[in-house]
Amino acid sequence: MSESVLVIMEQRAGAWNRMSLETLAAGQKLAAELGHSVAAAVPGRGVAALASELALKKLDCVYAVDHELLADYTADGYTAALDQLIRKVQPSLVLFPHTYQVRDLAPKLATRFHQALISDVIGIRAEGGPVFVRQLFQGKLNADVRPGGPAPYFVSIQAGAFNADNVASGTAPLETFTPELTASVIRQRPEEPFRESTGAVDLTTAEIIVSVGRGIKEKDNIPIVAELAQALGGELAATRPVCDSGWLPIERQVGSSGQTVAPKVYIAVGISGAIQHLLGMKGSKTIVAINKDANAPIFEVADYGIVGDLFEVVPAMVEEVKSCTVLQR
Amino acid sequence: MKIIVSIKEVPVRDSQLRIASDGRWIEDGDLGYEMNEPDAYALEEALQLKEKHGGEVIALCAGPAGAARTIREALAKGADRALHIEDEQISSWGTLGLAQLLAKAVAPEKPDLILTGLQSDDLGYGQTGVVLAELLGFPHATIIMAAEVLDGRIRVKRELESGWFQNIEMPLPAVLTIQSGINKLRYATLMGIKKAKTKELKRLEVADLGVAPSPTATIERLYLPRKTKQTQLIEGSAKQAAAQLVEKLRFEVRVI
Ligand SMILES: Cc1cc2nc3c(=O)[nH]c(=O)nc-3n(C[C@H](O)[C@H](O)[C@H](O)COP(=O)(O)OP(=O)(O)OC[C@H]3O[C@@H](n4cnc5c(N)ncnc54)[C@H](O)[C@@H]3O)c2cc1C
Ligand SMILES: Nc1ncnc2c1ncn2[C@@H]1O[C@H](COP(=O)(O)O)[C@@H](O)[C@H]1O
């Protein structure tokens, strides 16, 4: 058996989740570096068209994992199907995009192979076998992790870590894999996905966003940043914990479970810069960070930074902005 | 209904982390600890379900002796009793080993429902609950923002990306991983703190649980992340820095 990498792609209603293309790029790169072969699989119902698309990539094999019972995602159904596929293909590494669906599925699947998922990976190096880089402590530290125990190893790749444009083209044989599934193994009954009534706030068109994190300490301090947003003629946004605590409405949340924004300038005030927040704002043209901790991960993406106390810096900024806008008039 | 809530103790938020001399873990001697944030929401959810349906809430924690503080906090907030798997090196067990320990402690309790946080703030594996479900043979659902117990079943609201949600129903017993913000946290009352001292906190020895550590991956090195951007750090007093920043916003970024 030659060593191989298997990339599990994610799709919904016939469209790729973009993160799976990034993972495909990661899989091709890793396989090249390790001298492994690389295959990709797409589970679902009626996935022939997507699988044909994959067959135009530089891959050694493409598997259409097709079954009526895979029409809707369920942890039980997808685990059973991929378990069977992996036992057939016998890869040494299984790569997933680190999506919410994969969080739900991959740890269960890995357990069946006496493994644990190496989750949320941001980098891969081949050093006498693969070494995976992942974040610890909410992005404050990185760790090099080496898999051990019996293969296959299960890995999920974080959004933005690899570039989907780097996926190499080619031709690959296409195989349909029909797992043996019965309705009785699936205990979850999923209903139609829905959106909560979207609030009136559309942050995606704002040119200037002042965003506030837990560094603001309490609800009563919100006006301090609201004033800066107002002085700049921008919108006020927030991190999840700020919205969870009810300090600002959820419509103002930016991040993987909130809005994705790309303003001209994003001013992050008292925000640590956890990946789930960065996912919603790192496309901003200019990022400004104000944080008292010089090692806060937000500074990794900031163009301008002030290491300092927001309660001193922000009011001083408001005064400055006010005085120069007066001058302009 | 019998609900087990799995609670982890993590270094307090905003801790100044220093890498240990062996380069593989942090210097953890002088850190303060607190309940992992999503676990606090999981505990609150368990307490609210108990208030609605009756039954019992059991806090479960694997960690060093010092973690008893956090367990007492769970008792003070209203958990009825607690199980503490005591081990000074719990992170060395890896996800699979840890989940095996938790599964051994849980199984004899025959719970109806197990709640965990969706992710720990330190290791951030985001998978202990799912692995636990698989080991116990229970169905599960992750990133849960609402839970409603029906007759022998549970209906949950699962968070999907970008503001989408999905309701899912499954039979009990089940495991749910709870997302922060699912409810409003309560504070422990003075009365609760007093009562907590009399509640049962059972210590379980790792040796008695019959699990051999099976680390599936090892941390070889821990380090500060490399910057992806050149950040212009603006120095000086708060007032000076603010003035300079505003100038840059005006003349370099041109938004004022
Ligand atoms: C599945 C999932 C989805 C998620 N979705 C989102 C999402 O959509 N959006 C989101 O934001 N988060 C999301 N999160 C949460 C995310 O992981 C982080 O917990 C969150 O972004 C942290 O918010 P924060 O930066 O406000 O708080 P913290 O991480 O607590 O950071 C506070 C910062 O304030 C600084 N600070 C404190 N006092 C001061 C002061 N006086 N002056 C200056 N700085 C100060 C501190 O140094 C610290 O860096 C999600 C998490 C998960 C697991
Ligand atoms: N040592 C532990 N003791 C009890 N529960 C834990 C422990 N480690 C993790 N958990 C639970 O598993 C969840 C997910 O953790 P993790 O998989 O490390 O991200 C946490 O939110 C806890 O509910």
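Predicted model: local features only at pLDDT ≥ 70, side-chain atom pairs only at ≥ 80, totals over all residues.
## The site around ligand 2

Start with ligand 2. Its shell holds 18 residues, and those that come nearest are Ser6(B), Asp39(B), Ala62(B), Gly126(B) and Thr128(B). A polar side-chain atom of Asp39(B) sits 2.4 Å from an oxygen atom of ligand 2. Gly126(B) uses its backbone instead: a polar backbone atom there is 2.6 Å from an oxygen atom of the ligand. The backbone of Ile7(B) takes part as well, with a polar atom 3.4 Å from a nitrogen atom of ligand 2.

How much of ligand 2 does the protein cover? On its own, the ligand has 490 Å² of accessible area, and the protein covers 99% of this. Two elements of chain B give two or more residues to the shell: strand S4 (56-63) and strand S6 (113-117). S4(B) gives the most, with three residues. Sorted by class, the shell around ligand 2 has 10 polar, six nonpolar and two charged residues.

## The site around ligand 1

Now turn to ligand 1.

The side chain of Thr239(A) has an N or O atom 2.6 Å from an oxygen atom of ligand 1. Arg240(A) places a backbone N or O atom 2.9 Å from an oxygen atom of the ligand. Ser257(A) has a side-chain N or O atom 2.7 Å from a nitrogen atom of ligand 1. Taken alone, ligand 1 exposes 990 Å², of which the protein buries 94%.

## A sheet with strands from both chains

Next comes the sheet. Six strands make an open sheet with parallel pairing, in the order S15(A)-S14(A)-S16(A)-S17(A)-S18(A)-S13(B). Which strands lie at the edges? They are S15 of chain A and strand S13 (232-233) of chain B, and each pairs on one side only.

Within the sheet, strand S17 (residues 286-291) and strand S18 (residues 304-307) of chain A run parallel and are joined by four bridges. Val288(A) has Tyr304(A) in S18(A) as its bridge partner.

## A closer look at S14(A)

Strand S14 (residues 208-212) of chain A has a neighbour on each side. With strand S16 (residues 265-269) of chain A, S14(A) pairs in the parallel sense over five bridges. With strand S15 (residues 235-238) of chain A, S14(A) also pairs in the parallel sense, over four bridges. S14(A), helix H5 (residues 222-232) of chain A and S15(A) make a right-handed β-α-β unit.

Are the residues of S14(A) buried or exposed? Five of its five residues are buried. In a regular strand, side chains alternate between the two faces of the sheet. In S14(A), Ile208(A), Val210(A) and Val212(A) lie on one side, with Ile209(A) and Ser211(A) on the other. Both faces are covered.

Terms used:
Residues numbered from 1 in each chain as written. Chains lettered and ligands numbered in written order. Heavy atoms only, no water. Near = heavy atom within 4 Å. Polar contact = N/O pair within 3.5 Å; in protein donor to acceptor, adjacent residues only side chain to side chain. Areas by Shrake-Rupley, 256 points an atom, 1.4 Å probe, with all protein chains shown as cover. Nonpolar A, V, L, I, M, F, W, Y, C, P; charged D, E, K, R; others polar. Buried < 20%, exposed > 50% of the residue type's maximum accessible area, 1.4 Å probe, protein only. Pairing = 2+ DSSP bridges. Right-handed = clockwise from strand over helix to strand, strands pointing away.
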